[in-house]
Amino acid sequence: MKIRVLVCCDESIMSAAMRALLDQQPDIEVLGFTTGRESAAAVAELAPHVMIVVAPALGLEDKGELAELAALTKIILITKAESAHRSVEALCIGVRAVLAPDSSADDLIHVLRTVSAGATMVMPAAARRTLERLPQQGMSRRSARMAADLTPRESEVMVLLAQGKSNAEVAEKLSVSMATVRSHVHHVLRKLGVGTRAQAVAIAYETGLMAAIGRTAEFRGQEG
């Protein structure tokens, strides 16, 4: 079954380039193009598997509209979001992936296929580097408690989700079955009190859980 894609973009040149790129993919069907104001109606009518939203048609300032769309389909947002906080904001409202405008065509296709399969690609590399430079940001009793609540295997799964890995990639990395991965993901979401992978990743970054996971893993290693 082909991945049904709807594109939200205000720029005709960008739309033409997106059409040319996506039409070359044998597993992708472009349903059409829409603008920010017409997006919700278009999604309701065409029922795409994934919607690619190119700012400024809709951007991080349009949280209400993005949240409405994210409730209807999987959203990949292409926008300048070098700030980790801005990318996390997008994930918190349900966006599945944030890509920089200078991402390669291969990156976009990979993210589109991965998001369609149910995984989450998080944010541009520049935003991730911001987080890596500030490993203590957001550290709190809450994040330490959340990290302690996760089993060692669930912590590994959380890290891989934050890297945008698909279920198949997580299964291969951890040498476990797909059913086991789905079970671990379910437990992680339940323990974090969220409904989607994107929200789990957002919470992990926003609260400092990722740094706390690292500390917990180090402590467990010392215990062993």
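Author: Let us begin with a cut-off: a residue is called buried under 20% relative accessible area, exposed over 50%, and partly exposed in between. Please keep in mind that this is a predicted model.

Reader: Why is the contact of E156 with R153 called a salt bridge?

Author: The term requires a side-chain nitrogen of Lys or Arg within 4 Å of a carboxyl oxygen of Asp or Glu, and the closest N and O atoms of E156 and R153 are 3.0 Å apart, so the pair meets that cut-off. Both residues lie in helix α8, three residues apart, which is about one turn of the helix.

Reader: How do you know that K191 and E154 tie together parts that are apart in sequence?

Author: Their closest N and O atoms are 2.7 Å apart, in a salt bridge, and because K191 lies in helix α10 while E154 lies in helix α8, the pair ties together parts 37 residues apart in sequence. At 5% relative accessibility, E154 counts as buried, whereas K191, at 30%, counts as partly exposed.

Reader: What makes the salt bridge of D27 and R113 a link between distant parts of the chain?

Author: D27 is in the loop between α1 and β2, whereas R113 is in helix α5, 86 residues apart, and their side chains meet at 2.9 Å, N to O.

Methods. Residues are numbered from 1 along each chain as its sequence is written. This is a predicted model: local features need pLDDT of at least 70, side-chain atom pairs count only at pLDDT 80 or more; totals for chains, interfaces and linings use all residues. Side-chain values use heavy atoms; hydrogens and water are left out. Helices (H or I, at least four residues) and strands (E, at least two) are DSSP runs, numbered from the N terminus. Buried means under 20% relative accessible area, exposed over 50%, partly exposed in between (1.4 Å probe, protein chains only).
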